[in-house]
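Let's take a friendly walk through a protein model. Have the viewer open and follow along from helix to helix.

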Amino acid sequence: VGVAVVFEEGDTLVVNNACRYPTMSVYKFHQALAVLDRLDRSGLPLATRIQVLRSDLLPDTWSPLREAHPAGGRFSFGELLHYTVAESDNCACDRLIREIGGIGALQRYVEGLPAEGLDFRMTEREMSGAPDAQRRNRATPEAMALLLDRFRHDSLFASEYRDFLWQTLCTTTTGMNKLRAGLPDGTTIGHKTGSSDRDARGVKIADNDLGYVELPDGSGYAICVYVAETALSDGETAALIAEISRLVWQRLSAE
């Protein structure tokens with residue numbers, strides 16, 4: 001279990017941060033940053049449309065986009081980013097990765113921020129049904145939490161794009177039993193979850209959640225929790241993430 005919390009003042013708490021954990025779909029937050037940076041630099045609005053082909057919609061992977069539009073079509077960047085971030089759509093993710101120049105372009109983007117401790121090598125197509133490949137996108141909890149905190153407080157790109165991504169993170173529909181479950185009802189959290197397959201031994205490669213939580217006094221904190229290489233059930237890993245979230249909230253909201 002790896003944990004990182006970045007407090008409002010910039011102080012950071014880390015637990016088991018010495019290794020890089022499989023990120024799973026949490027890296028779709030970073031992919032969204034790269035896409036929005038490209039739009040900002042090109043002067044393109046979120047309403048700009050691109051083509052999604054039937055061949056982009058893989059049959060054996062998580063894709064609400066494919067279920068709603070099996071023949072593909074033309075979609076705005078805003079629509080595809082919402083599918084990717086809020087609904088963790090794997091097909092939309094890969095289509096946007098291709099649009100920015102491939103997975104290597106995503107890695108070059110995070111290295112250029114600069115952001116250390118992030119290593120993205122695999123697309124969703126490459127990871128689908130391949131546990132070993134799912135272990136190759138890796139990051140430390142601290143690197144993830146620091147970049148989310150930076151996104152909330154710095155101007156990585158124009159406010160139009162920043163506000164859109166924050167609102168999209170706040171409407172995430174996956175992993176409601178993770179970080180969000182440890183918070184009081186009504187708490188504002190923008191987050192991106194990730195969850196893997198199990199390997200041949202029944203070991204779950206990773207179950208993750210990265211979020212930014214707003215406190216009642218108007219301050220906030222970034223938090224990342226990884227549970228990796230575990231024989232726990234999906235419900236048990238989610239409950240563990242929720243309990244860590246609850247403890248952090250309880251401590252900080254009492255100050």
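## What you are looking at

Please keep in mind that this is a predicted model. Two packed helices are described by the angle between their axes and the distance between the axes. Those two values are a handy place to begin with each pair.

## Helix H1 meets H4

Start with helix H1, which spans residues 27–42, and helix H4, which spans residues 90–99. Their axes come within 10 Å and cross at roughly 40°, so H1 and H4 are oblique to each other. The crossing of this pair is left-handed.

If you show side chains, you will find that H1 brings Tyr27, Lys28, Gln31, Val35 and Arg38 to the contact, while H4 supplies Asn90, Cys93, Asp94, Leu96, Ile97 and Glu99. By type, the residues of this H1–H4 contact are five nonpolar, two polar and four charged.

## Helix H1 meets H9

Now look at H1 together with helix H9, residues 159–170. The axes of H1 and H9 also come within 10 Å, but here the crossing angle is roughly 155°, which makes H1 roughly antiparallel to H9. The crossing of H1 and H9 is right-handed.

On the H1 side, the residues that meet H9 are Phe29, Ala32, Leu33, Leu36, Leu39 and Asp40. Their partners in H9 are Tyr161, Leu165 and Leu169. The make-up of the H1–H9 contact is eight nonpolar residues, no polar ones and one charged.

## Helix H3 meets H4

H4 has a further partner to look at, helix H3 (residues 77–86). The axes of H3 and H4 lie 8 Å apart, and the helices pack at an angle of about 130°; H3 and H4 are therefore oblique to each other. Their crossing is left-handed.

Phe77, Leu80, Leu81, Tyr83 and Thr84 of H3 make this contact with Ala92, Cys93, Leu96 and Glu99 of H4. Seven of the contact residues are nonpolar, one is polar and one is charged.

In soluble globular proteins, nonpolar side chains tend to be buried together. The largest nonpolar core in this model has 62 residues, and the members that touch the most others are Phe29, Leu33, Leu118, Phe151 and Leu165. H1 gives this core its largest share, eight residues.

Which residues does Phe29 touch, not counting residues up to four places away in sequence? They are Leu147, Leu148, Phe151, Leu165, Leu169, Lys192 and Leu210.

Tyr21 sits in strand E3, residues 21–22. Its relative accessibility is 7%, so Tyr21 counts as buried. Leaving aside residues up to four places away in sequence, Tyr21 touches Val1, Gly2, Asn16, Asn137, Arg138, Ala139, Pro141, Tyr226 and Ala228. Tyr21 and Val227 are 206 residues apart in sequence, yet their C-alpha atoms are 8.4 Å apart in space.

Is Thr123 buried or exposed? Thr123 has 15% relative accessibility, and because buried means under 20%, Thr123 counts as buried. Look for Thr123 in the loop between strand E6 (118–119) and helix H6 (124–127). Not counting residues up to four places away in sequence, Thr123 touches Tyr27, Asp94, Ile97 and Ile103.

Technical notes: Residues numbered from 1 in each chain as written. Predicted model: local features only at pLDDT ≥ 70, side-chain atom pairs only at ≥ 80, totals over all residues. Heavy atoms only, no water. Axes fitted to C-alpha atoms, helices over the stretch in contact; angles between N-to-C directions. Helix = DSSP H or I, 4+ residues; strand = E, 2+ residues; numbered from the N terminus. Parallel < 35°, antiparallel > 145°, perpendicular 65-115°, else oblique. Left-handed = near helix turned anticlockwise from the far one by under 90°. Contact = heavy atoms within 4.5 Å. Nonpolar A, V, L, I, M, F, W, Y, C, P; charged D, E, K, R; others polar. Core = buried A, V, L, I, M, F, W, Y, C linked by side-chain atoms within 4.5 Å. Buried < 20%, exposed > 50% of the residue type's maximum accessible area, 1.4 Å probe, protein only.
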